[in-house]
Amino acid sequence: MSEENKVQLTFKDFKSDQEVRWCAGCGDHAILNSVYKAMATINKPLENYVVISGIGCSSRFPYYMSTYAFHTIHGRALAVASGTKTANPELSVWVITGDGDGLAIGGNHFIHAIRRNIDMNVILFNNEIYGLTKGQYSPTTKEGFVTKTSPHGTIEHPFNPGELVLGAAGHFFARSIDINLKLTQDILVDAEAHKGTSVVEILQNCVIFNDKTHDYYTDKAEKENRQIVLTHGEKMIFGINKNKGLVLDGLKLKVVTIGENGYTLDQVLVHDAHEESPFLHWMLINMKGPDFPIALGVIRATKATTYEAKLQAQVDHQKEVSPIKTMNDLLHSGATWTV
């Protein structure tokens with residue numbers, strides 16, 4: 001968009017007149033405000049945005065946006081969004097989904113939208129539970145967790161959304177936490193700037209059915225030691241004293257203390273979100289406590305041609321080579337006869 005066509009909006013311009021009806025303390029409130037602020041920063045006209053959701057607590061999102069929006073059916077937000085973006089590539093398409101809506105009933109749409117690399121932003125609210133339907137375990141629920149549908153503890157191994165993105169040959173994956181509004185806002189701006197399917201997982205708290213599920217990483221006293229915010233081109237450093245770093249130990253990541261056991265700052269890895277090989281991105285996505293911090297920020301952002309660009313190129317080529325240019329050409333093509 002040219003500078004003269006940019007529109008200066010504030011987060012208030014994106015708020016609808018509807019009452020926000022999420023539980024008090026729900027992480028969705030924070031995510032909604034991050035989206036308002038990110039969209040205002042992007043400076044596109046309101047009519048260029050489309051927010052599309054499936055079914056779930058997070059999927060009430062469209063009602064709270066003053067943009068175009070569509071509350072669709074369970075697990076099908078990405079199918080509707082794919083058609084929306086393909087029909088009008090000029091739109092900024094945002095998909096709101098949860099770990100149940102997006103990875104269970106919508107799992108097939110999730111991986112194929114990523115595989116096609118359609119230029120849209122997918123915000124995955126991950127609270128590791130089904131909230132709207134009152135507390136059943138979801139595809140991301142921790143193994144052993146007791147829920148309405150696993151009274152003796154779920155025996156299923158959970159999905160890691162980032163692994164699914166890499167497995168579907170995804171080009172953009174980022175992770176944030178609901179209470180870190182500024183980080184979420186910055187990531188969403190980066191996601192919109194990326195050409196292709198951008199998946200942003202946000203660790204979100206459900207105060208009713210899975211309260212404090214991410215508390216290990218959000219604990220105020222320890223979060224600096226348990227989170228690492230990655231920035232492309234910068235050293236992978238974290239810790240309360242910013243003296244911990246990530247290094248490669250053979251083919252594995254290792255946490256070291258800078259200045260101890262011979263480890264120096266020079267040995268700490270530099271984050272390269274643009275590296276085509278997903279090898280290191282996969283390791284970062286899979287880090288988890290107590291041995292490792294959780295990776296936040298843009299973990300992977302690589303370039304690839306989008307689905308709609310390929311489609312338009314195909315249409316343009318057929319227009320150029322086809323002998324049929326008008327309706328008259330079509331009516332007189334092939335086998336014709338006069339009655």
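K182 and D186 sit four residues apart in helix α6, so about one helical turn separates them. Their side chains meet in a salt bridge, 2.8 Å from N to O. A salt bridge here is a side-chain nitrogen of Lys or Arg within 4 Å of a carboxyl oxygen of Asp or Glu. K182 is exposed, with a relative accessible area of 51%. D186 counts as partly exposed at 33%. The classes are buried (under 20% relative accessible area), exposed (over 50%) and partly exposed (in between), with a 1.4 Å probe and protein chains only. Helices (H or I, at least four residues) and strands (E, at least two) are DSSP runs, numbered from the N terminus.

This is a predicted model: local features need pLDDT of at least 70, side-chain atom pairs count only at pLDDT 80 or more, and totals for chains, interfaces and linings use all residues. Residues are numbered from 1 along each chain as its sequence is written, and side-chain values use heavy atoms, with hydrogens and water left out.

**Salt bridges**

The structure holds six salt bridges. Among them is K44 with E192, whose closest N and O atoms are 2.6 Å apart. E192 is buried, at 10% relative accessible area.

E128 and K142 form another salt bridge, at 2.6 Å from N to O. Both lie in the loop between β4 and α5 (161-167), so the pair ties together parts that are 14 residues apart in sequence. E128 is buried at 10% relative accessibility. K142 is partly exposed at 40%.

| Salt bridge | N to O distance |
|---|---|
| K44 and E192 | 2.6 Å |
| E128 and K142 | 2.6 Å |
| K182 and D186 | 2.8 Å |

**Nonpolar cores**

A nonpolar core is a set of buried Ala, Val, Leu, Ile, Met, Phe, Trp, Tyr and Cys residues joined through side-chain atoms within 4.5 Å. The largest one has 37 residues, and F61 and M65 have the most contacts inside it. Elements giving two or more residues to this core include α1 (28-42), β5 (172-177), β6 (198-203) and β11 (294-301). Helix α1 gives the most, with eight residues.

M65 touches F14, S16, L32, V35, Y36, M39 and V51, not counting residues up to four places away in sequence. Contact means heavy atoms within 4.5 Å. In soluble globular proteins, nonpolar side chains tend to be buried together.

**Helix α2**

Helix α2 spans residues 77-87, and its buried residues are A77, L78, A81, S82 and K85. They cover an arc of only 130° around the axis, which puts them on the same side of α2. The arc is that of the directions from the helix axis to the C-beta atoms. These buried residues pack against β1 (49-53), β3 (92-98), α4 (107-116), β4 (121-126) and α10 (307-321).

**Backbone exceptions**

Most residues other than glycine have a negative phi, and most peptide bonds are trans. N117 has a positive phi of about 60° although it is not a glycine. N117 lies in the loop between α4 and β4 and is buried, with a relative accessible area of 4%. K212 also has a positive phi, near 65°. K212 lies in the loop between β6 and α7. K212 is exposed at 58%.

A cis peptide bond joins G289 and P290, with omega about 5°. P290 is in the loop between α9 and β11. Y216, in helix α7 (residues 215-218), contacts R226, G289 and P290, leaving aside its neighbours within four places in sequence. Y216 is partly exposed at 32% relative accessible area.

**Surface and distances**

I324, M327, L330 and L331 form a nonpolar surface patch, with about 400 Å² of accessible area together. Patches are made of residues with over 30% relative accessible area and no salt bridge; like charges are joined within 9 Å, and nonpolar side chains (Val, Leu, Ile, Met, Phe, Trp, Tyr) within 5 Å. Accessible areas come from the Shrake-Rupley method with a 1.4 Å probe; for residues, only the protein chains shown count as cover. I324 is in the loop between α10 and α11 (327-331). I324 is partly exposed at 36% relative accessibility.

The C-alpha atoms of Y216 and M327 are separated by 65 Å, with the residues 111 apart along the chain.
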